[in-house]
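Student: Could we go through this structure together? I would like to begin with the aromatic residues and then move on to charges and the overall fold.

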Amino acid sequence: MQSENLLNINLAHAAEAAKRLSIELSDRFFADLGQEEISGGDIHVDIMVKASADNIYNVDIHVNGYVTVACDRCLDPLNIDVKTSDTIKVKDGEPTDSDAADMLYTEVATPNIDLSWQIYEIVETSLPMQRVHKEGECNPEVTSYIIREVDDEDEDF
């Protein structure tokens, strides 16, 4: 899977280098994830890893671009702009009782983590609840059925 190679990051190396990782993700990234909500897109991801105490890494993720989803009204493709950010905490080793509930973990000997799914979730949760084209931009053939159905229901009353 191409996206795994792009987003499989060695946290220790990235934190030591103290530089921003910039990655471009396109339609293939979303197809490789095997999910059905987002059909494609073009997003730019900036990732900055900072090491802190107790083998914990703070991974700052900034996403900017657009994704393609189905319009809730006509089901045609709809591009939605995305600009969001989040911070993920990752720890080397096994969970302990004192760890935060939102902590991710890596294997003890390998501080690598695949951030593909986390980036997908950051993008997905930034999308609006209702995803529709602007007025007049929906597929007129499909919307004619919606309007006709509403009009038919009004006649019954």
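**Aromatic pairs, charges and fold**

Tutor: To begin, Phe-29 is buried, with a relative accessible area of 3%. Please keep in mind that this is a predicted model.

Student: Is Phe-30 buried or exposed?

Tutor: Phe-30 is buried, at a relative accessible area of 1%.

Student: How many aromatic pairs are there in total?

Tutor: The count comes to two aromatic pairs. In one of them, the ring centres of Phe-29 and Phe-30 are 5.0 Å apart and the planes stand at 75 degrees, so this pair is edge-to-face. The other involves Trp-117 and Tyr-120, with ring centres 4.8 Å apart and planes at 35 degrees, which makes the pair tilted.

Student: Why does the pair of Trp-117 and Tyr-120 count as tilted?

Tutor: An angle under 30 degrees would count as stacked and one over 60 as edge-to-face. The planes of Trp-117 and Tyr-120 are at 35 degrees, so the pair is tilted.

Student: Where do Trp-117 and Tyr-120 lie?

Tutor: Both belong to helix 4 (residues 116-126), where three residues, about one turn of the helix, separate them. Trp-117 is partly exposed at 38% relative accessibility, whereas Tyr-120 is buried at 6%.

Student: Let us turn to charges. How many salt bridges does the structure hold?

Tutor: There are four salt bridges. One of them joins Asp-32 to Arg-28, with the closest N and O atoms 3.5 Å apart.

Student: How are Asp-32 and Arg-28 placed in helix 3?

Tutor: They are four residues apart in helix 3 (residues 27-33), so about one helical turn separates them. Asp-32 is partly exposed, with a relative accessible area of 22%, and Arg-28 is partly exposed at 46%.

Student: Which residue forms a salt bridge with Lys-50?

Tutor: The partner is Asp-60, and the N to O distance is 2.9 Å. This pair links distant parts of the chain, since Asp-60 is in strand 4 (residues 56-70) and Lys-50 is in strand 3, ten residues apart. Asp-60 is buried at 14% relative accessible area, while Lys-50 is partly exposed at 43%.

Student: And what about Arg-131 and Glu-124?

Tutor: Their side chains meet in a salt bridge with an N to O distance of 3.3 Å. Both Arg-131 and Glu-124 are buried. Salt bridges with shared partners connect Glu-37, Glu-124 and Arg-131 into one network.

Student: Which side chain of opposite charge is nearest to Asp-46?

Tutor: That is Arg-20, at 4.4 Å. Asp-46 is buried yet has no salt bridge. A salt bridge requires the nitrogen and the carboxyl oxygen to be within 4 Å.

Student: Where is Asp-46, and which residues does Asp-46 touch?

Tutor: Asp-46 is located in strand 3 (residues 40-52). Leaving aside residues up to four places away in sequence, Asp-46 touches Arg-20, Leu-21, Ser-22, Asp-60, Ile-61 and His-62. Asp-60 is also the residue that forms the salt bridge with Lys-50.

Student: Changing topic, what is the phi of Leu-75?

Tutor: Leu-75 has a positive phi of about 70 degrees, although Leu-75 is not a glycine. For comparison, most residues other than glycine have a negative phi. Leu-75 sits in the loop between strand 4 and strand 5 (77-92) and is exposed, with a relative accessible area of 63%.

Student: Finally, how many helices and strands does the protein have?

Tutor: The protein has five helices and seven strands. Along the sequence, they follow the pattern α-β-α-β-α-β-β-β-β-β-α-α.

Student: What share of the residues is buried, and what share of the contacts is between residues 24 or more positions apart?

Tutor: Of the 157 residues, 36% count as buried. Among contacts with a separation of 6 or more, residues 24 or more positions apart account for 58%.

Student: And the accessible surface?

Tutor: The accessible surface comes to about 9,800 Å², and 46% of this belongs to carbon and sulfur atoms.

Key:
Residues are numbered from 1 along each chain as its sequence is written. This is a predicted model: local features need pLDDT of at least 70, side-chain atom pairs count only at pLDDT 80 or more; totals for chains, interfaces and linings use all residues. Side-chain values use heavy atoms; hydrogens and water are left out. Helices (H or I, at least four residues) and strands (E, at least two) are DSSP runs, numbered from the N terminus. Buried means under 20% relative accessible area, exposed over 50%, partly exposed in between (1.4 Å probe, protein chains only). Lys and Arg count as positive and Asp and Glu as negative; His and the chain ends are not counted. Contact means heavy atoms within 4.5 Å. Accessible areas come from the Shrake-Rupley method with a 1.4 Å probe; for residues, only the protein chains shown count as cover. Rings of Phe, Tyr and Trp (its six-membered ring) pair if their centres lie within 6.5 Å; planes under 30 degrees apart count as stacked, over 60 as edge-to-face and the rest as tilted.
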